[in-house]
Amino acid sequence: MAIEGPVAIILAAGQGKRMKSDKAKVLHEVCGRPMIQYVVDAARGAGAKSIIVVVGYASEQLYSALQNEPDVQFATQTEQLGTGHAVKVCRPLLADYQGPALVLVGDEPLLRPEPLADLLDRQAREAAACLLGTAEIADPKGFGRILRDAAGRFLRIVEERDCTSEEKAIREVNPSCYVFELPVLWEALDQIGTSNAQGEYYLTDAPERLMTMGRKVVALNVLQADDVLGVNTRQHLAQAGAIMQARIQDHWMTEGVTIVDPRNTHIDGRATIGPDTIILPFSVIGGPVTIGANCRVGPFAHLRPGTELADGVEVGAFVEIARSKLEGGTVARHLSYLGDAEVGRNVNIGCGAITANFDGSRKHATRIGDDARIGAGAVMVAPVEIGRAAVLGAGAVVTRRSDVADGATVVGVPARPLKPPRD
Ligand code: UD1
Ligand code: MG
């Protein structure tokens with residue numbers, strides 16, 4: 001794959017020991033999506049044309065997570081010798097490239113494209129060999145600190161483990177959002193050593209190195225604390241999730257959705273919701289889910305991937321839906337499960353009615369026609385079709401392939417047509 005500038009390099013080869021996980025750290029999910037995916041989106045949104053992800057630990061997991069990203073290519077860091085070394089392994093891929101490289105870490109899922117685009121822009125205007133975005137953080141624990149001289153000029157980055165107690169008090173930190181000019185960065189990386197607390201090649205030594213080489217390095221405090229939260233532990237993962245969730249909800253509220261109790265609602269970043277829809281407390285909208293306008297969801301609704309609610313659908317308490325489409329005006333108010341179902345317009349799903357879609361090895365589809373009435377506690381064993389305006393009596397069990405005709409009423413176990421009353 002050809003390289004086109006500006007380039008982004010995303011470091012993601014580390015195991016993330018502090019996560020205590022078999023999974024690569026950057027694949028842990030925030031609001032339903034792996035962290036690395038957000039960083040790739042942010043780099044692309046900032047204008048990066050070629051994105052190189054540095055992989056190492058559990059690289060197969062990363063290849064498969066990013067297989068559908070057309071502008072991503074991989075560089076392999078076989079041994080995790082530090083962030084400076086991680087950037088260095090991109091050199092063969094970038095041998096012929098001259099220009100800016102946005103360097104990011106894969107464990108900062110809250111990065112947004114706009115400030116990164118700004119960094120690229122400023123690096124070009126300043127003609128700097130390195131432009132470093134920094135942030136001021138109330139609790140800087142875990143970050144490298146930015147050292148400046150009395151006149152406020154950037155001196156160097158000190159990793160927390162290598163900080164004196166005075167340096168630890170500095171609140172301006174290194175979020176690992178850099179723009180480096182290539183190829184001069186390669187020269188600087190060749191010169192950095194490993195005399196630090198971790199015995200690693202630190203990328204954080206590169207800016208100081210470039211200055212000793214007589215190159216221009218600028219550190220600008222332009223990033224927000226919320227954008228640069230680095231996830232190193234499960235606690236950080238929960239914090240990042242909470243901030244991302246607030247962003248997602250803020251977006252939908254701006255679009256006209258009522259969220260009655262934001263703290264007790266979870267909405268996946270891939271869901272879409274129409275205006276005037278009301279989300280009641282304790283609802284989980286997980287994964288790619290489409291909700292139309294004027295719907296009512298919850299309390300305690302669980303909408304799983306592939307759920308599509310047309311306008312004016314009501315889904316109430318303890319209703320779970322997966323891979324199913326409900327047309328306009330349909331109501332499932334209490335205690336139902338609908339899986340692999342296509343439900344028409346103005347259908348009433350009675351309390352506790354369910355589709356039995358799984359036969360122990362395979363999932364099967366259920367179709368329910370417009371205006372059907374599904375009685376309380378009815379079970380529809382898939383594959384099965386319920387006709388238009390058909391009625392299922394309370395507790396009816398419609399067995400597989402025993403399709404119910406349009407307008408028919410069936411009752412009992414197994415369900416059979418209700419005989420018309422004699423007159
Ligand atoms: C790093 C920075 C620190 C900064 C912080 C911001 C260094 C030395 N320190 O620290 O100044 O404040 O990020 O979040 O750069 N990685 C590799 N290969 C390696 C080592 C790491 O690809 O050999 C990747 C990891 O997968 C991770 C990223 O680089 O995605 C950062 O590594 P991490 O161990 O989280 O560094 P921090 O301690 O957070
Ligand atoms: Mg980190």
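Predicted model: local features only at pLDDT ≥ 70, side-chain atom pairs only at ≥ 80, totals over all residues.
Residues are numbered from 1 along each chain as its sequence is written, chains are lettered from A and ligands numbered from 1 in the order written, and side-chain values use heavy atoms, with hydrogens and water left out.

**Exercise 1.** Find out which residues surround ligand 1.

*Solution.* 
- Start with the shell: 25 residues surround ligand 1 (near means a heavy atom within 4 Å), and Gln 77, Thr 83, Glu 108, Glu 159 and Asn 174 are the closest.
- Next, look for polar contacts to ligand 1 (pairs of N or O atoms within 3.5 Å). A polar side-chain atom of Glu 159 is 2.6 Å from a ligand 1 oxygen, and one of Gln 77 is 2.7 Å from a ligand 1 nitrogen.
- Ala 13 uses a backbone N or O atom instead, 2.9 Å from an oxygen of ligand 1.

**Exercise 2.** Describe the largest pocket.

*Solution.* 
- A pocket is found on a 1 Å grid over the protein atoms alone, as an open set of points with protein on both sides within 12 Å along at least five of seven lines; lining residues have an atom within 4 Å of a point.
- Count the lining: 48 residues, with Arg 18, Lys 25, Asp 107, Gly 142 and Asn 232 nearest the centre.

How values were computed: Polar contact = N/O pair within 3.5 Å; in protein donor to acceptor, adjacent residues only side chain to side chain. 1 Å grid on protein atoms, 1.4 Å probe; cavity = no way out; pocket = protein on both sides within 12 Å on 5 of 7 lines; lining within 4 Å.
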